[in-house]
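Here are my notes after a look through this one. Have the model open alongside as you read.

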Amino acid sequence: MLDEQIKDDLVLLLKKMNLCSIAREEVCNLLNNERQKPEAIKILRKYRGMLLEEVHDRQKLLDNLDFMIDKLKKG
């Protein structure tokens, strides 16, 4: 069984990631059963990948914005 503090921290993190309550509940339910822990980790890794993709997309936007600012400065 998962330590309650870790579970609470995980739920808070998933909330900050804007995951719906159903997704949070799914992960927590899987973590309540030691045999299903690998499945929970698999799901968390999927969410990590999605979050990383979002970071990369935002970085591309930031790079493009910096490029446009530089072009405007140079006239």
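1. A word on terms to begin with: helices here are DSSP runs of H or I with at least four residues, numbered from the N terminus. Keep in mind that this is a predicted model. With that, R24 sits in helix α2, which covers residues 21–31.

2. R24 is the one I'd look at. It is buried but makes no salt bridge. The nearest side chain of opposite charge belongs to E25, and that is 8.3 Å away.

3. What does R24 touch, leaving aside residues up to four places away in sequence? The contacts are V11, L14, K15 and L19.

4. Now the largest nonpolar core, which has 10 residues: L10, L14, L19, A23, V27, L30, L31, A40, I43 and Y47. Helices α1 (4–16), α2 and α3 (37–74) each give two or more residues to this core. The biggest share comes from α2, with 4 residues. As general background, nonpolar side chains tend to be buried together in soluble globular proteins.

5. A23 is also in helix α2. Why does A23 count as buried? Because its relative accessible area is 8%, and the cut-off for buried is under 20%. Follow the chain 12 residues from A23 to R35 and the C-alpha atoms are 19 Å apart.

6. Last, I43, another member of that core. Setting aside residues up to four places away in sequence, I43 touches E26, V27 and L30.

How values were computed:
Residues numbered from 1 in each chain as written. Predicted model: local features only at pLDDT ≥ 70, side-chain atom pairs only at ≥ 80, totals over all residues. Heavy atoms only, no water. Buried < 20%, exposed > 50% of the residue type's maximum accessible area, 1.4 Å probe, protein only. Lys, Arg positive; Asp, Glu negative; His and termini not counted. Salt bridge = Lys/Arg side-chain N within 4 Å of Asp/Glu carboxyl O. Contact = heavy atoms within 4.5 Å. Core = buried A, V, L, I, M, F, W, Y, C linked by side-chain atoms within 4.5 Å.
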